Amino acid sequence: MEQKKKSNLVVFFETLVVGLLIFVLIFTNSLSFLDLVARDKLYQIPRGIDSKIKIIGIDEKTMSELGPIQTWSRSNYAELLNKLNENEDSKPMVVGFDIQFSGNVDDADAEFVEAAKKSGNVVIVNHLIYGKRLEPNEQGLLVTPVTDVEEPYDELREVCSIGFSNVSQDSDGTVRRIIPVEKFNGTDQKMFSSILYEKYCEYSGTTPNTVPTDKYGRSNINYSGRPGDYEYISMIDVLNGTIDTRAFKDSIVLVGAYAPGMQDSFKAPTSGSQQMYGVEIHANILQSYIQGRFSVNGDRLVYIILVVIIAMLLHFLFRKLRPWMSLIILLVTIGAEVGILMAINNSGRTYSIIYLPVVLVLSYVYSLAMNYIQEKARKKKVLNAFKKYVAPEIIDEISKSGDFQIKLGGENRDIAVLFVDIRGFTTMSEVLEPEQVVEILNEYLSLTTKSIFDNSGTLDKFVGDATMAVFNSPFDLPDYEFKAVCAAMDIVNGGKALEKTLMEKYGRTVGFGVGVNVGPAVVGNIGCEFRMDFTAIGDTVNTAARLEANAKKGQVLISDVLYERVKDRVEVKDIGEIPLKGKSKGVFVYEVTEVHRDNA
């Protein structure tokens, strides 16, 4: 009872440690990198792109014909707009240029302005310049302030809608979030994709979705496509007429860099080992606007409390349940967490996904290790206990195989039973000091125990000056009948040497009478709930005890049943049939005079 109470106290302490561990991990965001990777894999599953969004790429094919983009006249962009808008019935809804048109280049600047003005559906980008230090905003939150804006040239800015093209990168360089609106000099600066979405809503007559943001004004992007998923057309194919511009009817067209050397590519949650061009990232953001699929981080405190409770409860169960049951609970819990958090993310709230599985796996592994250690300690304790009853070589063999299950209650086994008693013990104990009696008794018990163990028997019990041993219980023992007889002869022969020793020390001698029988018996735990004894009971046992009672000093008496099993390896004297107390019919008995071990 005390041990169980101590064990429960240890588990309770462990449970508190698990709760504290997961609290610290989440609060400090210690596994942020792993968490971001997990979110990317589970939250950012490509869901199919919107066919209305098309990309006209400034790719290597285009630059091989028109030259490096830095050398271009803006007449190329004017021509592109004129091509896209040449047919009023098939023009795009919106054309967005993810290209920085800073400063004037040549006379074709005016040509581009005229084309944009005539089109009336053009969105261009500016670029925000951020400070290098965090500063408090109007709400007192530390943010990186916008210190300047790099604008397109004035004439173009007057005829186009403008949004900033900056994207926010996490510590691992991946674009996962947007800030839809930034403040600069008291005015709102809207994101490029946000302006495109507003133009789309105006054109299609739809009500704009509200984008959820956290206290820092950020929102998480739920990507829809991978690199290359959005329909892409080379810009030169549009300019030279290879592509029929009617393909862009009622589309949202994004024009931007689509070549590795243009240094406008980033890591994205859905890009894997590739990088995603900036224009594709804006296409994903735009689709999130259209579908209302942004999310913000959920209430952190509520999440921490819930996860701490779950982790503590499951650790307690892991320590109490079988490993296979704990494994099922572990897998079901992780699967449920993933499914629930994915559904919550799709509804606009996102939470960390890695912390609960990591802590639960650690808890499960720890519980497995502790169960293994405790089981090993329990086995060792049982084996050590058996060493007091069973021959050490048997224990060694059992410890190697791990097979020492004993059937609770009782089972029928065929066993050999040996009883041995001291002859003349009562008379001797009357004339010797108690200490001397105990010393003699210990010498005798050492002899009988050694003889039993040397022959792989099991010491069942000491009853006063008598010893009971069984062979083939609780473990199977080859040739147990003969080994029982050998043990009996070893006791008798050892007793002769002991007699000389006792005579020299105390002037007294003792002898041994031994009885051995074989047959079926019930072996197992006999007793009650609070006091048990592993022993053997039945007529076979009673007969062995009666044989020992009839044995004279130095005699080994065996039953006829046992003799029939070992007669080829022993020499005996016929004693004849003798009556045994408690039995209506006598038993034919033999006295063993010699055993032939070499024939065994």
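1. Buried means under 20% relative accessible area, exposed over 50%, and partly exposed in between, with a 1.4 Å probe and protein chains only. By that cut-off, buried residues make up 48% of the 600 residues in the chain.

2. Some ground rules. This is a predicted model: local features need pLDDT of at least 70, side-chain atom pairs count only at pLDDT 80 or more, and totals for chains, interfaces and linings use all residues. Residues are numbered from 1 along each chain as its sequence is written, and side-chain values use heavy atoms, with hydrogens and water left out.

3. Overall form. The chain has 18 helices and 26 strands; these are DSSP runs numbered from the N terminus, helices being H or I with at least four residues and strands E with at least two. The radius of gyration is 46 Å, well over the 25 Å that the globule rule gives for 600 residues, so the chain is more spread out than a compact globule. That radius is taken over C-alpha atoms, and the rule is 2.2 Å times the number of residues to the power 0.38. Along the principal axes, the C-alpha atoms fill a box of roughly 135 × 50 × 40 Å.

4. Contacts. A contact means heavy atoms within 4.5 Å. Of the contacts in the chain with a separation of 6 or more, 75% are between residues 24 or more positions apart.

5. H15 and H16. Helix H15 (residues 434-454) packs with helix H16 (residues 480-506) at an angle of about 155°, and their axes are 9 Å apart. Axes are lines fitted to C-alpha atoms, for helices over the stretch in contact, and angles run from 0 to 180 degrees between N-to-C directions. The pair is therefore roughly antiparallel. The classes are: under 35 degrees roughly parallel, over 145 roughly antiparallel, 65 to 115 roughly perpendicular, the rest oblique. Among the contact residues are Glu439, Glu443 and Leu447 of H15, and Asp490, Gly494 and Lys505 of H16. By class, this contact has nine nonpolar, five polar and four charged residues. Here Ala, Val, Leu, Ile, Met, Phe, Trp, Tyr, Cys and Pro count as nonpolar, Asp, Glu, Lys and Arg as charged, and the others, Gly among them, as polar.

6. H7 and H9. Helix H7 (residues 192-204) and H9 pack at about 45°, with axes 9 Å apart. That makes H7 oblique to H9. Their crossing is right-handed. Residues including Phe192, Leu196 and Tyr200 in H7 meet residues including His282, Ile285 and Tyr289 in H9. The contact divides into eight nonpolar, three polar and no charged residues.

7. Isoleucine 281. This residue lies in helix H9 (residues 278-291). Isoleucine 281 counts as buried, at 0% relative accessibility. Beyond neighbours within four places in sequence, isoleucine 281 contacts Val167, Val175, Tyr223, Phe266 and Met276.

8. Tyrosine 232. This one sits in strand E13 (residues 231-234). Tyrosine 232 is partly exposed, at 33% relative accessibility. Not counting residues up to four places away in sequence, tyrosine 232 touches Ile55, Gly57, Asp59 and Tyr258. Tyrosine 232 and aspartate 89 are 143 residues apart in sequence and 22 Å apart in space, C-alpha to C-alpha.

9. Glycine 424. The loop between strand E19 (410-423) and helix H14 (425-431) holds glycine 424. Its relative accessible area is 43%, which means partly exposed. Glycine 424 and serine 456 are 32 residues apart in sequence and 28 Å apart in space, C-alpha to C-alpha.

Methods. A crossing is left-handed if the near helix is turned anticlockwise from the far one by less than a right angle, and right-handed if clockwise.
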